[in-house]
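Subject: The structure I promised you

Hi,

Here is the structure we talked about. Have it open while you read, and I'll walk you through what turned up.

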Amino acid sequence: MGSILVHIDLDGPRPDPSSLAALAVARALASSWGATLYAALIIHEPGERSAPDSTAQVMTGARIPGIDRLEDELSRAGADKIVVAVTDTPVLPLWGAIGGAWQTVLDHLRPRLVLFGADAPSAIELGPRTGARIGGRVFMRARATGGDLVQLRDREGAFLRVGDSGAAVVLVGGRAPARPARDEDIDVVVLVAPSGADPRLELASSAPAEPAHALGAVVALGEDAAADPAVVADAARLAELVGGPVLRSTGGRADKHAASSAQLFIGIGETKVEPSGSSSVIRIGGGPARYVDGALAEPIAPALAELLRALEARS
Amino acid sequence: MTVAIWLGSAVPVRTIRWLDGALAAAAKLGPTKPTAIVAGDLGWLELAADRALRAKVACIGIATELSLDYLGWAQIVIAAAKTVEATTILVDEASRPERFAEVAAIAELLDAAQLTNVVSIAREGEVVRATRSAGGELQTFHVRGEAVIGLRIAGPKIEEYPTPMPSAAMKRLDLAALGLDANVLAHRAVAPHAPREPQRTTDRVADLISVHVSARAPRTGAA
């Protein structure tokens with residue numbers, strides 16, 4: 001088995017929790033498959049020397065401000081080695097901004113398996129493009145299964161096993177399982193990436209998004225369900241668990257035309273929002289359910305409470 | 001700027017409103033008439049051609065029984081887009097979950113700029129103004145030159161639509177006409193997804209949701 005690479009997004013000075021969840025799954029895989037586990041991150045250093053046509057330079061012994069704490073955290077989360085790609089381009093979760101720096105890491109390591117946290121900011125832009133670049137299969141929202149011989153299974157039921165040929169990119173869903181932290185010194189390699197945000201893309205402006213534009217997960221509450229305070233409270237807990245907003249139907253005209261393309265749509269009661277662009281649709285109550293992936297029958301309150309207990313027990 | 005729009009290789013999972021929304025967005029981009037590219041079985045080609053015709057978008061249909069991965073379909077899209085000299089390729093990424101990976105594959109093979117999760121799009125001269133949803137933000141980009149843009153734009157709600165008829169307006173091409181070899185493409189073949197029955201027990205539904213649990217969610221301490 002070659003190397004396993006995990007992309008680490010940063011949330012301020014710390015690793016993104018979803019990236020750490022991917023690192024935890026990668027640790028289990030690397031131990032089971034006998035692979036070396038690399039954690040790679042991209043850091044913006046204004047004025048760092050680089051040129052558009054240069055190849056990456058390896059800086060041995062280089063120190064990046066703030067890297068000690070990251071090194072400690074990634075080591076404890078299971079990384080064998082850390083690769084830091086330094087770029088003079090501001091880091092945005094966009095292939096056009098950091099694709100060049102990420103490509104430097106891929107070229108340096110030539111990994112067989114690359115993991116991203118499914119909810120990490122860069123995953124949706126970098127994950128599939130990484131797959132296309134290394135010619136690998138792409139697994140969406142996978143999790144680790146199995147005992148001693150760990151394998152990955154994605155939401156479509158596809159498996160990735162140790163003996164599989166070819167490269168793969170996996171977006172790991174869920175959160176990190178609790179595991180004992182390690183305390184080891186690990187190597188840090190610093191790569192100075194060639195300059196180069198994609199000049200064809202220019203960020204003109206940004207503004208806060210409406211809840212209806214949420215693309216991760218949404219919990220939609222129908223008017224009937226919203227009449228029960230216990231259901232409203234449990235819906236809020238469920239939304240917190242999946243990291244999405246609660247959309248409440250108002251009965252207005254806009255509701256009748258609302259559509260969601262969030263990856264996960266959980267409809268509680270008679271919701272008006274149409275989840276037709278969502279990858280996974282769950283219905284709780286609300287009458288006959290068509291084109292859904294999962295459905296729990298009424299009464300809503302006990303079904304929702306039992307679902308929450310089952311989810312929290314898995315966490 | 002010449003626009004093509006990839007509608008995919010299979011009928012939308014749940015509704016055609018995202019297909020309609022993507023076609024309407026393409027039609028507004030102009031200045032020349034955009035071209036929809038669609039592949040797969042004949043029933044799907046005729047549905048896609050019918051919706052494209054209603055949106056005033058030209059259509060290229062590639063009939064094939066192949067079931068390919070994202071890199072395989074990307075090769076077909078690129079070959080078809082070259083026939084119309086498209087510089088901007090839009091992708092309806094909301095109608096089927098596997099579609100958004102095709103945005104990346106097309107962009108990678110073309111070495112084009114890539115933008116995913118775009119919720120509105122407009123043209124300003126030779127610049128495309130695209131707004132994408134990212135986390136809690138709507139980011140607006142100016143896009144110049146060759147680009148592949150994944151759209152998540154819903155059309156009007158539609159309860160049912162007329163049965164599509166074979167369309168004379170659809171330009172039919174086969175893989176050989178695109179310079180592609182089906183035997184070579186078959187290296188990217190995948191087994192089609194079997195339809196699945198909905199899960200109806202608490203444990204099974206919790207399993208489905210568990211891969212969406214946020215890594216940021218507080219732990220309850222439940223065993």
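This is a predicted model: local features need pLDDT of at least 70, side-chain atom pairs count only at pLDDT 80 or more; totals for chains, interfaces and linings use all residues.

First, some ground rules. Residues are numbered from 1 along each chain as its sequence is written, and chains are lettered from A and ligands numbered from 1 in the order in which they are written.

**Domains and core**

Chain A is divided into domain 1 (3-192) and domain 2 (211-314); such bounds come from an automatic or database domain assignment. The C-alpha centres of these two domains of chain A lie 33 Å apart.

Next, the largest nonpolar core, which has 174 residues. By nonpolar core I mean a set of buried Ala, Val, Leu, Ile, Met, Phe, Trp, Tyr and Cys residues joined through C-beta atoms within 7 Å. "Buried" means that 20 or more other C-beta atoms lie within 10 Å of the residue's own; 12 or fewer makes it exposed, anything in between partly exposed, and C-beta atoms are placed from the backbone. Among the residues with the most contacts inside this core are Leu115(A), Ile268(A) and Ile106(B). Domains 1 and 2 of chain A both give residues to the core, so it lies between them.

What does Ile106(B) touch, leaving out residues up to four places away in sequence? The list is Ala74(B), Val77(B), Ile78(B), Ile89(B), Val91(B) and Val148(B). Touching, or being in contact, means that two C-beta atoms, placed from the backbone, lie within 7 Å.

**Where the chains meet**

The contact takes 73 residues from chain A and 63 residues from chain B. On the chain A side, strand 13 (residues 201-208) gives the most, with eight residues. Helices (H or I, at least four residues) and strands (E, at least two) are DSSP runs, numbered from the N terminus. That side of chain A divides into 33 nonpolar, 20 polar and 20 charged residues. For this count, Ala, Val, Leu, Ile, Met, Phe, Trp, Tyr, Cys and Pro are nonpolar, Asp, Glu, Lys and Arg are charged, and the others, Gly among them, are polar.

Strand 13 of chain A also pairs with strand 7 (residues 137-143) of chain B, in the antiparallel sense and over seven bridges. Two strands pair if DSSP finds at least two bridges between them. One bridge to look up is Ser206(A) with Gln139(B).

**Strand 16 of chain A**

Is strand 16 of chain A mostly covered or mostly open? Mostly covered: five of its five residues are buried. Leu264(A), Ile266(A) and Ile268(A) lie on one side, with Phe265(A) and Gly267(A) on the other.

This strand runs parallel to strand 14 (residues 217-221) of chain A, joined by five bridges, with Leu221(A) opposite Ile268(A). Five bridges also join strand 16 to strand 17 (residues 280-284) of chain A, again parallel, and there Gly267(A) stands opposite Arg283(A).

Leu264(A) sits in strand 16 and is buried because 29 other C-beta atoms are within 10 Å. Its contacts, not counting residues up to four places away in sequence, include Ala217(A) and Val242(A), plus Ile209(B) and His212(B) from chain B.

**Helix 1 of chain B**

Helix 1 (residues 17-29) of chain B has 13 residues and should span 18 Å at 1.5 Å a residue; its end C-alpha atoms are 19 Å apart, which agrees. The expected span is 1.5 Å times one less than the number of residues. Its buried residues include Trp18(B), Leu19(B) and Leu23(B). The buried residues of the helix pack against several elements of chain B, among them strand 1 (3-8) and helix 2 (42-54). Just after the helix, Gly30(B) takes a positive phi of about 45°.

Most residues other than glycine have a negative phi, and most peptide bonds are trans. Arg141(A), in strand 8 (residues 137-145) of chain A, has a positive phi of about 50°. Asn117(B), in strand 5 of chain B, has a positive phi near 60°. Each is buried: Arg141(A) has 24 C-beta neighbours inside 10 Å, and Asn117(B) has 24 other C-beta atoms within 10 Å. Finally, the peptide bond from Glu298(A) to Pro299(A) is cis, with omega near 5°. Pro299(A) is in the loop between strand 18 (294-296) and helix 8 (300-314) of chain A.

Cheers
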